[in-house]
Amino acid sequence: MERILNLLKKPAIQYSLVIAFLALVGGAGWAFYQTQVPPPQPIQFPHNIHVGLQIQCLYCHPGAQRQASAGLPTEQKCWACHGQLKKYSDPANPVPLEKWPPELQKLAGYVQRGEAIKWVPVYIVPDFVHFNHRPHIAAGLNCEKCHGDMSKKTVATIEQTVNMGWCLACHQARTANDPVKRTKLIECGTCHY
Amino acid sequence: MTDNFSRRDFLKLAGLGAATATILTGCGPASRYVVREPYTKMPEYTYNGQSTFYATTCRECAAACGLVIRTHQGRAIKAEGNPYNPVNLGKTCARGQASLQGLYNPDRIQNPGQHKRGEKTFTDMDWDAAIGVVGKALAGGDFAFLLGTAPDHLFDLAGELSKAYAAAAPLRFSALAVFEARATLGEAARAIFGKPDNLFFDLSNADLVFSFGANFLETWLSPVAYTREFANMRRAKRGYLVQFEPRMSQTAAKADEWIPVRPGTEGLVALALGKLAAEIKGKVLPAFNGVDVAAVAEASGVEQATLERLAQLFAAAERPVALPGGAPLAQSNGLEAGKAILALNAFTSGGVYLTAPAAVNDAYHRPASLKEMAALIERMNAGKIKTLFVHGVNPLFELPRALGFREALEKVPTVISFASFPDETALAADYVFPDHTGLESWGYQRAATGAGQTLISGAQPVIAPFYNTRATADVLLAASAGKLPYADEVAFVQAQVTGLIGAADGFFGAGDLPSFWAQFQQFGGWWTNDAKLSVPETPLLDKALQVEAPPVQGEGEFYLHVFPSPILAEAGANKPWLQEIPDPMTTVMWNSWLEMNPVTADELGLLDDDVVQVISPFGMLEVSVYRYPAIRPDTVAIPFGQGHTAYGRYAEGRGVNPADLLGGDFNSAGDLAFSGLKVQIKKTDKKQTLSRLESKLGVYGIGEKKE
Amino acid sequence: MSSPKIPEFKAEWKEGEAGRWGLAIDMDLCTGCQACVAACSMENNVPFVGEKESGYGRQMAWMRVERLWEGQYPEVKTTPFQPVMCQQCGSAPCEPVCPVFATVHAEAEQLNLQVYNRCVGTRYCANNCPYVVRVFNWADFAINPIHANPDKDGKLVFPLHNQFNPDVTVRRRGVMEKCTFCIQRIHKAEDQAKSENREVVDGDVTPACAQACPADAIIFGRLDDPQSRVSKLSQDKRAVHLLEELGTQPRVSYLSGGSHGNLG
């Protein structure tokens, strides 16, 4: 014991301990930061344009209303509209592909190659958390509540730090007057299994 | 793949592995960079992340249980029973549950290939070349098909093909057919009931069941169906089950009484019971007259008082049923024993039924007897077979070595295997053209027994083929170049079921093929609403039955009782979870063992895990001893299922194959007579510990310090 | 000396509290076929450990089928096959010993939870479980490279992982686990019922073991519904509860003896 205490008095040991501690904290911070930055997407999808055109969130993410995962649209869904938009795809007056906006060129490329668009999910939870969209929509929450106002954003970014404290704060606040529901909603097994 | 299938875009999705990676990477930033592979064209009725269920047929044995597979993002993730299928009514056995471990087995053959026989790896080919090879082989004419036991669409197609090329009819075969002595059962049924049809034993309504070595809760005929029947029997009248066999099987463990008869005397016991029961009932049944009860008691090792008590039970029962299992029939006196046991059912009517005719291709083709296999081997040896097609069976593992299949195979110029796994036979073949596994393929299968309904269980792909495999039916149709009028496998299956479209009694009705086909896929097959069982004609019991005591084969001291492993059966050894499921009786995992009565083991000075040599006139193997309290002291038992020399990383080099000990004698129905075999046991100074679930402490003092 | 800051162990069973979910197992019908063990392992992403590790008793199955021998040949018998899984005790001995509250009682579902992300692997809970139904991940069995094939870039590919059920967490090394009564299926059924504006009724939830059981010996349902099959069976005179005398209040009932009372 005494030896360890003596060792701790050495400045070199002290510095290295501090450096190790800082590295640990820094590493943890970096790892946490990594979960909060928006990932690169295959296509810089402009949410603002689509929301501005009054397209409902549920049109492309229909799962949110009825199941755990909201779902990311397939190229089929994109092309259902883009394949027949007058602006570029009018058979009478076709615009050559090179003249299309670059992001739409990418989309057309995926469709031509019959390749799936590998969207990268932005809001993620660890694997030991089982999140379900359906009850949240059923409870009357709006998409904006967690995902932010998409009419002001192009690619999706994280608007809200997703951690258990945030989940629980809401679960507790919304069940303040209903102890039965509260028990259910703050139980570990509701999300972790 | 068929045209029909490629049109079905819903199964067309890229990469299946990425979602798995998502699951695996755990928490933290890594999850972020996992790319989820979405559909290119998502089917209208599905959502990302929502499960889709497909009905199909289980191919782990030939019982034709229906499965419903839960699929998720194009991956199959869980097998459940199909609640509509009358064979299993929504239930499954362990093998059915583990069927996905076959689909996702890391040792699957991924491409068509060729190699020099015996090499472990294959040189990849493309499918056009493969079809060319098959086409040449078919055109040559002198080919033979060796298929698995399941009476399925491929068997029907191979039959038509063989006819078109004037080749010999395909043979169906598997080790289970040997252990169940199906040919003998059929012959005995013909002798007693006048028809060789399959039998359905109505346990549900029975109040007494005498089972002569029928391990119907494990592997016999249709285990899921008979387990349900058994449970119904216990629920309804609390029927009483008596099991006669030299080693307590899992079924005997569930029995109310276990009678350890000497191997080969089951038929005699049946006759004695019949005689005594007839006397009690005052019935005149000449069939049982020729037996001397005292002599039977002496020969079988069952006390006369016990026989009398059981006969009284039998006479008093309202609905007694007697089951002839595999081991009593796989004897030199097996056919007679089978008749004697079936004759017991004459005391009542309605215990045994003849099963319904198959919905497609009415004549049921039983699996080949071992004698027919021997005839095939002879033809191979004589050079009469230029090409052997092997599908769904692994004869190098499943046939007794003494039959000489290995040597005969060398005389066949071209051997083409359609195996999904690199099993012993595939490695001994020139070409392997892997079929899809059952969960990736189309088809149908007739149910031989297990349900009262006329039934055909349908199969459809639940996921897109995982590797570069191709349906064997498609390969054969492409290679036969228009000899048969079917475009592809689906066209063939549709042509076969077309006859059912207007059928009156079907549980669904359809006016045309598309809507029939849709429902056929949706419900996982077609069956009649009502049971189509027929009560057999008055049994032919006017002549006295004679059962000879079986001659003993071999010089040894111990009867060798070989039984199919209840968990692995014949082809489960490459599924790791089946390997890890403890054997129900011994709780041994991942290995083979020799069961020996503790008294005998003490005499020989053997403890658990001591390795012994088992020597028969036909072979020798070394295996660890398990001191099994419920086996006759003059009998030792080895389960069949392990002992592969190939078949992937989970099966290879694990345990022993008792088929290497068996001889090549047949009974009068052409089945292998193996139950009379006697072996020698020689102690070695080796010890190999068996992994087992049960504690070794306190089980008959095993493991406790002696001093 | 007790510190007021340590929360009290809350899983005290109150008289008359039946629990919410329960199993009844008819041992007269169970044939020991192990279909439940296989089904459970397939549903819950339970890894297999291989021959050597299973020889050490590290087998991961969440349930086992017990049988014991009685008597000597030829009067030898086995005891009825008895599937044993987590009994989801109302007053569970595993719960108070967990130093990190990873083994907690679910107040709403009345189940014993194992929270994998909290678990630090002290294994106290397994030590304290009288039923020996908790299993520990001694290694990352599922990602052992022996199950993998290299792809063309030399990266390891695990084909068996395609079978993983996305509704169940894949556990890593150092984590305790046990039967959950297929809580993912319970949640699914509850969610479904809620979306249809009704309560969960008997028959909505079937765990994997009960779904597979060919003899229909395993019955699952609501214990707090006196009309449910499992409630009635748990009150049956054939019903026994394992190690009931310890006061654990197990939620699994075993039906012993013959189904018509004519056997011992």
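This report covers the domains of chain B and the overall build of chain C.

The model is predicted.

**Chain B: domains**

Chain B splits into three domains, with these bounds.

| Domain of chain B | Residues |
|---|---|
| domain 1 | 113-174 + 362-499 |
| domain 2 | 178-354 |
| domain 3 | 558-692 |

Domain 1 is written as two segments, 113-174 and 362-499. Domain 2, at 178-354, falls between them in the numbering.

**Chain B: where domain 1 meets domain 2**

The C-alpha centres of domain 1 of chain B and domain 2 of chain B are 36 Å apart. Domain 1 of chain B brings 12 residues to the contact, and domain 2 of chain B brings 11 residues. Together the two domains of chain B bury about 860 Å². Carbon and sulfur atoms supply 61% of that area.

What classes of residue does domain 1 of chain B present to domain 2 of chain B? Six are nonpolar, five are polar and one is charged.

Between domain 1 of chain B and domain 2 of chain B, zero salt bridges are found. Polar contact across this interface involves two residue pairs, both at pLDDT 80 or more.

**Chain C: overall build**

Chain C contains six helices and 14 strands. Along the principal axes, the C-alpha atoms of chain C fill a box of roughly 65 × 60 × 50 Å.

Methods
Residues are numbered from 1 along each chain as its sequence is written. Chains are lettered from A and ligands numbered from 1 in the order in which they are written. This is a predicted model: local features need pLDDT of at least 70, side-chain atom pairs count only at pLDDT 80 or more; totals for chains, interfaces and linings use all residues. Side-chain values use heavy atoms; hydrogens and water are left out. Domain bounds come from an automatic or database domain assignment. Contact means heavy atoms within 4.5 Å. Buried area is the accessible area (1.4 Å probe) that two parts lose on being put together, summed over both. A salt bridge is a side-chain nitrogen of Lys or Arg within 4 Å of a carboxyl oxygen of Asp or Glu. A polar contact is a pair of N or O atoms within 3.5 Å; within protein, one must be able to donate a hydrogen and the other to accept it, and residues adjacent in sequence count only if both atoms are side-chain atoms. Ala, Val, Leu, Ile, Met, Phe, Trp, Tyr, Cys and Pro count as nonpolar, Asp, Glu, Lys and Arg as charged, and the others, Gly among them, as polar. Helices (H or I, at least four residues) and strands (E, at least two) are DSSP runs, numbered from the N terminus.
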